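Subject: Structure handover

Dear colleague,

I am passing on the structure we spoke of, together with its sequence, and I would be glad if you looked at both before reading my notes.

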Amino acid sequence: MRDFNGTSSSQVVDMLKYENSLTSTISLCNHVPVVGTNVCPVESLDYEFRMAFTVFSVCNLIFVLISVTITAYIAPTAAGSGIPEVKSYLNGVDVPNIFSFKTLVIKIVGNIFAVSSSLFVGKAGPLVHTGAIVASLLAQYGSSCKFLRFFRNDRDRRDLISCGSGAGIAGAFHAPVGGVLFALEKMASWWRSALLWRAFFTTTILAIILRGLINVCNSGKCGLFGKGGLIMFDAYSANVSYHLGDVAPVIALGIFGGILGSLFNYLMNKVVRLYNIINAKGIAYKLLLVCFISIFTSCLLFGLPWLASCQICPTDTSEPCPTIGRSGNFKKFQCPPGHYNDLASLVFNTNDDSIKNLFSKGTDTEFQYSSIIIFFVVCFFLSILSIGLVIPAGLFIPIILTGASYGRLVGMLFGKYSSLNNGLFAVLGAAALVGGCLRSTVAMCVVLLELTDNLLLLPMMMLVILISKTVADIFNGNSFDIIIKIKGFPYLRSHEPYMRQLMVKDVVTGPLQIFNGIEKVGNLVHVLRTTKHNGFPVIDEPPLSEAPVLHGLILRAHLISLLKKKPFTSTPQAMSDENFRLFSSYDFIQRTSRKCDLIEDLQFSEEEMEMFLDLHPFTNSSPYTVVETMSLAKALVLFREVGLRHLLVIPKINSYVCVAKFILVIYTARCLITELASCWYIDEAQFHGRTCVSFTSFTFESQTEKIKNPTAPSVLSLLIISSRQLPELVFRSMFLYHDFSCL
């Protein structure tokens with residue numbers, strides 16, 4: 001009900017007239033990520049309510065349909081924020097087409113339309129993916145540049161992509177230090193000092209260029225692109241004072257922020273799994289699902305401001321009140337002149353400006369309790385419903401916006417007992433929900449500090465983030481890890497407590513495939529066509545050596561490159577210089593932007609199948625090795641922290657004892673995810689559903705013979721990790737070679 005106390009009769013008549021017709025600005029382009037200004041005001045048009053709602057909802061629907069259509073048909077890998085895919089790649093999982101130029105274009109265009117459609121989605125996550133794609137393309141197509149050729153190897157390519165992901169956060173929030181820390185804390189699985197200064201150099205250059213562009217646009221040379229779009233809040237530059245009595249409400253803010261964050265992740269997990277079931281039915285279902293969420297969101301956003309009462313404009317504002325036809329703190333909506341609708345000021349605005357409104361100082365009386373409660377509930381649930389749709393969309397901004405409304409509400413309830421104003425509570429509430437959902441501590445703490453330009457708030461922000469993360473960790477994992485698990489990416493975590501009780505030799509079972517140093521072409525083709533292993537051990541046996549010796553490891557992609565050029569010999573002999581000159585380093589560079597070559601595409605005659613190929617020049621002869629009795633937890637740390645793709649486990653030799661000799665090779669799948677059905681004898685549905693499967697096991701029989709060189713292991717059988725024995729290493733293969741020798 002309206003409160004007309006203190007209002008003259010003429011003002012009451014004017015208010016009732018304005019309630020019968022819509023004369024407030026409703027921005028149809030209220031979330032445009034670059035423009036940031038209202039270019040389609042409905043308030044200023046003399047439309048009736050139904051017509052205004054139709055225009056508003058139809059525009060939103062058109063925008064989101066463009067986004068979902070180009071994503072579903074052209075580049076499905078552009079859907080979502082892209083952070084789980086990039087994070088998995090840096091951990092060792094090569095998801096197909098995530099770094100292609102096509103994905104880059106659809107990511108940018110699709111995110112612009114998705115954010116413009118009034119859905120509660122962000123642009124920071126897609127910018128992380130965009131930065132990673134740009135870095136990958138530079139490494140892939142930079143062969144003409146002498147400097148960029150250094151990034152063609154796998155390790156440096158991962159470093160460059162890590163720098164690109166950090167640059168995405170730095171560009172989105174104008175937080176160069178926060179971008180470096182985000183790449184360190186949330187993206188990279190392993191970190192080196194060289195990578196630290198590279199990431200810092202990248203974000204520094206980005207910050208300088210971005211500041212230059214901002215200055216150009218501030219001079220009025222960018223038109224509608226001159227304001228908005230950048231996620232820069234600059235909420236506080238004045239000194240902030242707080243006392244010991246303020247710690248108690250901040251602790252409570254962190255505790256409930258952690259609970260809300262874990263609840264957010266729990267509901268998100270359920271919703272995304274439901275969306276996956278619907279999306280699996282076909283593209284038509286993907287389009288219908290997005291259309292339904294868009295229409296539902298438009299109905300809520302358009303209808304809820306009618307529940308809020310109008311308030312008299314304050315007299316000491318730095319901007320016009322009410323604001324019509326542009327972004328601002330005081331939306332008129334259905335209110336009479338000199339009044340504004342506080343809920344409409346939050347709803348019909350860009351996400352960035354809504355966060356600025358909540359963070360603003362000196363606005364403790366600007367919002368009503370009911371408006372903040374409604375906005376918090378709407379943000380919380382619409383943010384969850386917008387995750388998992390087939391559109392390029394991020395999580396950061398919706399979570400920060402929801403947390404800001406949560407903190408503002410706490411400040412309104414308990415601010416009178418604290419020296420902190422409501423805007424500071426909104427900043428701390430955003431930090432609490434970020435800690436509860438994303439579980440990012442150092443990185444997001446610095447990002448929020450750079451956003452709000454207030455270093456004095458650091459102790460309180462550190463406290464609230466640590467508390468919220470600790471509380472949320474009791475219930476579930478962070479948002480990105482949940483999405484990684486839902487998508488079925490075999491992400492290798494840094495710590496597995498149960499592994500301390502196991503040795504590397506305790507977790508193996510499965511078949512063996514090996515090659516001799518000079519191997520028959522028919523054997524190579526047969527093994528490559530009947531298996532999908534990514535790496536194969538290469539051994540030398542008499543007469544090439546006195547005893548069976550492990551020469552090294554060769555990758556599937558390298559074998560296919562060798563077979564394509566056909567440098568075969570009719571007899572088992574070393575490769576000639578003429579044949580060796582057929583190859584260049586480019587032939588063995590990983591193609592990240594297109595599908596890898598398949599053995600099924602190669603054809604060989606019967607004569608060629610009987611010929612031989614020398615593998616020695618193309619074999620990695622210096623892989624990392626550990627002893628078989630090494631703790632599995634330690635092997636995991638070495639494998640992950642050093643950024644290995646293969647790890648050999650050699651036997652612990654005891655003299656005069658009949659022992660089993662082992663060589664264990666752990667490798668991360670570098671082939672395409674879509675090919676995993678043939679890689680490890682499972683179908684695609686089982687892979688994406690994380691179904692635990694046992695692999696067929698067989699061994700090659702061999703007579704026991706005395707090895708002349710006791711330190712040289714022979715290779716006679718292969719074992720692959722069973723997912724039932726080691727659930728967290730599903731789809732990560734281990735090869736075990738053994739031979740019993742009585743010494």
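Below is what was found, taken region by region.

Please keep in mind throughout that this is a predicted model.

I begin with the patch on the surface, which is nonpolar and is formed by Tyr-369, Ile-373, Val-377, Phe-381, Leu-413, Phe-414 and Tyr-417, with about 710 Å² of accessible area together. The elements that give two or more residues to this patch are α13, spanning 369–385, and α14, spanning 396–414, and of these it is α13 that gives the most, with 4 residues. Tyr-417, for its part, is found in the loop between α14 and α15, the latter covering 422–437. With a relative accessible area of 62%, Tyr-417 is exposed, because the cut-off for that class is over 50%.

Another pairing involves strand β8 (residues 625–627) and β9, which run parallel and are joined by 3 bridges, with Thr-625 standing opposite Leu-648 in β9. Together with helix α23, residues 632–641, these two strands make a right-handed β-α-β unit. Strand β9 itself, residues 646–650, is largely enclosed by the rest of the structure, because 4 of its 5 residues are buried.

A loop residue also deserves a mention: Ser-570 lies between α20 (556–565) and α21 (577–580), and its relative accessibility of 58% means that Ser-570 counts as exposed. The C-alpha atoms of Ser-570 and Glu-608 are separated by 8.5 Å, although these residues are 38 apart along the chain.

Finally, a word on the cysteines. How many disulfides does a search of the whole structure find? The search finds 0.

With best wishes

Definitions and conventions: Residues are numbered from 1 along each chain as its sequence is written. This is a predicted model: local features need pLDDT of at least 70, side-chain atom pairs count only at pLDDT 80 or more; totals for chains, interfaces and linings use all residues. Side-chain values use heavy atoms; hydrogens and water are left out. A disulfide is a pair of cysteine sulfur atoms within 2.5 Å. Patches are made of residues with over 30% relative accessible area and no salt bridge: like charges are joined within 9 Å, nonpolar side chains (Val, Leu, Ile, Met, Phe, Trp, Tyr) within 5 Å. Accessible areas come from the Shrake-Rupley method with a 1.4 Å probe; for residues, only the protein chains shown count as cover. A salt bridge is a side-chain nitrogen of Lys or Arg within 4 Å of a carboxyl oxygen of Asp or Glu. Buried means under 20% relative accessible area, exposed over 50%, partly exposed in between (1.4 Å probe, protein chains only). Two strands pair if DSSP finds at least two bridges between them. A crossover is right-handed if, with the strands pointing away from the viewer, the path from the first strand over the helix to the second runs clockwise.
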